[in-house]
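User: Can you walk me through this one? I'd like the overall layout, then the details.

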Amino acid sequence: MGKSAVLWFRKGLRLHDNLALLEACKDATHVYPVFIIDPHFVGPGKVGVNRYRFLLECLTDLDTSLKTKYNSRLIVLRGNPLDVMRSLLKDKQPFAVDKLCYEFDSEPYARSRDAEVTKIAKEGGVEVTVSPGHTLFDLDEILKKFKGTPPLSYGPFVKMVESIGPPQTDKDAPAAIPAPPAAVLGKVDESYSVPTLQEMGCEETPHNGVLRGGETVGLQRLHDVTRNEKWIATFEKPKTKPTDFNPASTTQMSPYMKFGCVSARKFYHHLLAIYKRHKGHSQPPVSLLGQLYWREFFYTVGYATNNYDRMAGNKICRQIAWVNNEEWIEAWQQGKTGYPWIDAAMRQLRREGWMHHLARHAVACFLTRGDLFCSWEVGAKTFDELLIDADWSINNGNWMWLSCSCFFYQFFRIYHPSTFAKKYDPTGAYVRRYVPELRHMPDKYVYEPWKAPKAVQEEAKCIIGQDYPEPIVDHAEASQECKDRMKAAYDEHKAIKRAPKSEMKPDPD
Ligand code: FAD
């Protein structure tokens, strides 16, 4: 007799190159495609509306594909995954299964949840299979190559990864997915459907961005961006413009990679096929393949590091006495620092859930070691709420990088919060789009409106301090103070490293 298998979607929200799905289909008479709405991720300050909307679009797309191509459907269950799995795997409610299949997830919350679920499955006599698929390579395999401790710099990492050889070729979606029995499909009604935004505690606001969720749109975007082979072959990340919008200057594949709507291996092999046709193409770290390796790099270090998402107890993170200024943090989060480039980027983030890599650099530097000297953890948490592509491994890693807490240590190199963007966008089109108060400000003052004479401010219908804030700090003074504090923190770090073991401060935590 055949088996009934559950495919538990978490990330990996796709049907192509889904090894867990292929595993579920093996010898199965029925496959139940399941997603669980976990209250852990629902609630104020946890996930912004743009990401929820994107997730629901992904689920709707999966449901539609399963219905139209496979005569099946997505079954959305609600509740703490441990409770949901207990009733499914032990009490056989709302249906009975023999096998549970899911894709490996390296984040700490997922790992402890999955370990508990595996125990529950064993108690219920249900077989469990875990497949790789979210990253190019199996992270355990990479870690083994580094004897458990990956390097904190990219060069040696890439060298080792390239020595493994190319990742497996991506697989097509299955030709058939055995549907759940008709009796069960009849039983699973509206309450097992994809939720609305309202059910997720969000207001039904209009769609603000260009990024719509789902495997179908994600594959289409991959197809569209890779059609221009010359662009792909010559792509160099530092040369892309952070102020470009409509279209952005990079692929904007990140939300699809975050949710696994598009497989990393598929992206990789698309690039490789193009590179084969274009000799002399760009190379890591700046090439597009180099970007996929950055992703792999942060996933590997995140997987290997305890307390990776905080400073305390995090062995790779410099201990720095950040300050907590709630007023400044609020101004930064709301895009009201008085620095138009910083504010435009933070407002793009809030409005659309995405911003260019160098915009992320600029706002992260400004919040931490550049101007405000507030903790990178605050920044990472804000991004974690507002980015559609918010990704635990990549986000925390990049925040440590930008704050010179790990990976990058040249704290004296600070992004200027007004002149940096000017070279990309001298007329301030990006600022005018996201900070409409400055729409009529002459080009000369659009990045530094507080320098505009009163008559110019009046003419532009934007009085600084009234219609748009004065800068919350003086950059020249603030950045010097930040450098002094960073130097002190680095000197202390050196002193601790030099000190005999008995004098070393114990690790916090
Ligand atoms: P492209 O340049 O087109 O790159 C293609 C893909 O490569 C991306 O979709 C992404 O999957 C990967 N990639 C690109 N840059 C990086 C990078 N620096 N590190 C790791 N992977 C990369 N990226 C996230 O996906 N999620 C995050 O939560 C996130 N937080 C960040 C926080 C800070 C402070 C900074 C400075 C960067 C962060 N990034 C994050 C990395 C990077 O900014 C985004 O991946 C990138 O801007 C996404 O746009 P894209 O898809 O057009 O990138």
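User: What domains does the protein chain split into?
Analyst: The assignment gives domain 1 (1-134), domain 2 (135-169 + 215-304) and domain 3 (326-476). Those bounds come from an automatic or database domain assignment. This is a predicted model, where local features need pLDDT of at least 70 and side-chain atom pairs count only at pLDDT 80 or more, while totals for chains, interfaces and linings use all residues. Residues are numbered from 1 along each chain as its sequence is written.

User: How many Å separate the centres of domain 2 and domain 3?
Analyst: Taken over C-alpha atoms, the centres are 27 Å apart. The contact takes 18 residues from domain 2 and 21 residues from domain 3. Two residues are in contact here if their C-beta atoms, placed from the backbone, lie within 7 Å.

User: Which elements give two or more residues on the domain 2 side?
Analyst: Helix 10 (254-258) and helix 12 (288-304) do. Helix 12 gives the most, with 5 residues. Helices (H or I, at least four residues) and strands (E, at least two) are DSSP runs, numbered from the N terminus.

User: OK, on to the ligand. Which residues come nearest?
Analyst: Thr-250, Thr-251, Gln-291, Asn-395 and Asn-398 come nearest, out of 29 residues around the ligand. A residue is near a molecule or strand if its C-beta atom, placed from the backbone, lies within 6 Å of it.

User: Which domains does the shell around the ligand draw on?
Analyst: Domain 2 and domain 3 each provide at least three residues of the shell. At least two residues each come from helix 10, helix 12, helix 15 (357-370) and helix 17 (392-402). Helix 12 has the largest share of the shell, 6 residues. By class, the shell divides into 13 nonpolar, 10 polar and 6 charged residues.

User: Helix 15 and helix 17, then. How do their axes cross?
Analyst: They cross at roughly 60 degrees, and the axes come within 9 Å. That makes helix 15 oblique to helix 17. Axes are lines fitted to C-alpha atoms, for helices over the stretch in contact, and angles run from 0 to 180 degrees between N-to-C directions. Angles under 35 degrees count as roughly parallel, over 145 as roughly antiparallel, 65 to 115 as roughly perpendicular and the rest as oblique.

User: Which residues make that contact?
Analyst: Arg-360, His-361, Ala-364, Cys-365 and Thr-368 are on helix 15, and Asn-398, Trp-399 and Leu-402 are on helix 17. The contact of helix 15 with helix 17 has 4 nonpolar, 3 polar and 1 charged.

User: What about helix 16 against helix 17, at what angle do they pack?
Analyst: Helix 16 (residues 376-386) packs on helix 17 at about 145 degrees, with the axes 9 Å apart. On the helix 16 side the contact uses Trp-376, Gly-379, Ala-380, Phe-383 and Asp-384, and helix 17 answers with Asn-395, Asn-396, Trp-399 and Met-400.

User: Switching topic: how do helix 3 and helix 4 cross?
Analyst: Helix 3 (residues 81-89) and helix 4 (residues 108-123) have axes that come within 9 Å and cross at roughly 20 degrees. That makes helix 3 roughly parallel to helix 4. Pro-81, Leu-82, Met-85, Arg-86 and Leu-89 in helix 3 meet Arg-113, Glu-116, Val-117, Ile-120 and Ala-121 in helix 4. By class that contact has 7 nonpolar, no polar and 3 charged residues.

Notes. Nonpolar A, V, L, I, M, F, W, Y, C, P; charged D, E, K, R; others polar.
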